[in-house]
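Colleague: I have not worked with this structure before, and I would like to learn how to read it one feature at a time. Could we go through it together?

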Amino acid sequence: GWTLQQVVALFVIAWKKNGPQRVAPNLWGIVGAPKAVKTWYNYSSALKAKGGVWTEQELDEFLADANRFVKGTTKSIKVADPEKRKAVIDFLKTLK
């Protein structure tokens, strides 16, 4: 799985408002945003089928174990520490 440092590194390159799309979809405004809607990104069919919007709870579940949250996802993110997940989500909430 991905370490917290890898998750944070991904955010560093993909979190600026109107920033370029790189390894993953830009995370600006991700909290409350619809899942899997960026047309240029190749989301897994599992995440597309999940639907809905990214709530804080769902982001926490995804960061804890992406494969458990979305069976069939291509991501292997696992951040076991709930405080670290909360810190990441708190940061994501500021991107609006």
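Colleague: Let me begin with a pair in helix 5: by about how much of the helix are Lys-86 and Asp-90 separated?

Modeller: Please keep in mind from the start that this is a predicted model. Lys-86 and Asp-90 are 4 residues apart in helix 5, and this separates them by about one helical turn. Their side chains meet in a salt bridge, with an N to O distance of 2.7 Å.

Colleague: How many salt bridges does the count come to?

Modeller: The count comes to 5 salt bridges. One of them is formed by the side chains of Asp-60 and Arg-85, at 2.7 Å from N to O. Asp-60 lies in helix 3 (residues 56–64) and Arg-85 in helix 5 (residues 82–93), so this pair ties together parts that are 25 residues apart in sequence.

Colleague: Is Arg-85 buried or exposed?

Modeller: Arg-85 counts as buried, because its relative accessibility is 10% and the cut-off for buried is under 20%.

Colleague: How do the axes of helix 3 and helix 5 cross?

Modeller: To read such a packing, one looks at the axes and then at the residues that meet. The two axes come within 10 Å and cross at roughly 135 degrees, which makes helix 3 oblique to helix 5; the crossing of helix 3 and helix 5 is right-handed. On the helix 3 side, Glu-56, Leu-59, Asp-60, Leu-63 and Ala-64 take part, and they meet Arg-85, Val-88, Ile-89, Leu-92 and Lys-93 in helix 5.

Colleague: Which residues of the largest nonpolar core touch the most other members?

Modeller: The general idea is that in soluble globular proteins, nonpolar side chains tend to be buried together. In this model the largest nonpolar core has 20 residues, of which Leu-47, Trp-54, Phe-62, Ile-77 and Leu-92 touch the most other members. Helix 2 (45–50), helix 3, helix 4 (66–69) and helix 5 each supply at least two residues of this core.

Colleague: What is the phi of Ala-36?

Modeller: As background, most residues other than glycine have a negative phi. Ala-36 is not a glycine, yet its phi is positive, at about 55 degrees. Ala-36 is found in the loop between helix 1 (4–13) and helix 2, and at 17% relative accessibility it counts as buried.

Colleague: With which residues is Pro-34 in contact, leaving aside its neighbours within four places in sequence?

Modeller: Pro-34 is in contact with Gly-52, Val-53 and Trp-54 once those neighbours are left aside. Pro-34, too, lies in the loop between helix 1 and helix 2, and it counts as partly exposed at 45% relative accessibility. The C-alpha atoms of Pro-34 and Gly-52 are separated by 5.7 Å, although these residues are 18 residues apart along the chain.

Key: Residues are numbered from 1 along each chain as its sequence is written. This is a predicted model: local features need pLDDT of at least 70, side-chain atom pairs count only at pLDDT 80 or more; totals for chains, interfaces and linings use all residues. Side-chain values use heavy atoms; hydrogens and water are left out. A salt bridge is a side-chain nitrogen of Lys or Arg within 4 Å of a carboxyl oxygen of Asp or Glu. Buried means under 20% relative accessible area, exposed over 50%, partly exposed in between (1.4 Å probe, protein chains only). A nonpolar core is a set of buried Ala, Val, Leu, Ile, Met, Phe, Trp, Tyr and Cys residues joined through side-chain atoms within 4.5 Å. Axes are lines fitted to C-alpha atoms, for helices over the stretch in contact, and angles run from 0 to 180 degrees between N-to-C directions. Angles under 35 degrees count as roughly parallel, over 145 as roughly antiparallel, 65 to 115 as roughly perpendicular and the rest as oblique. A crossing is left-handed if the near helix is turned anticlockwise from the far one by less than a right angle, and right-handed if clockwise. Contact means heavy atoms within 4.5 Å.
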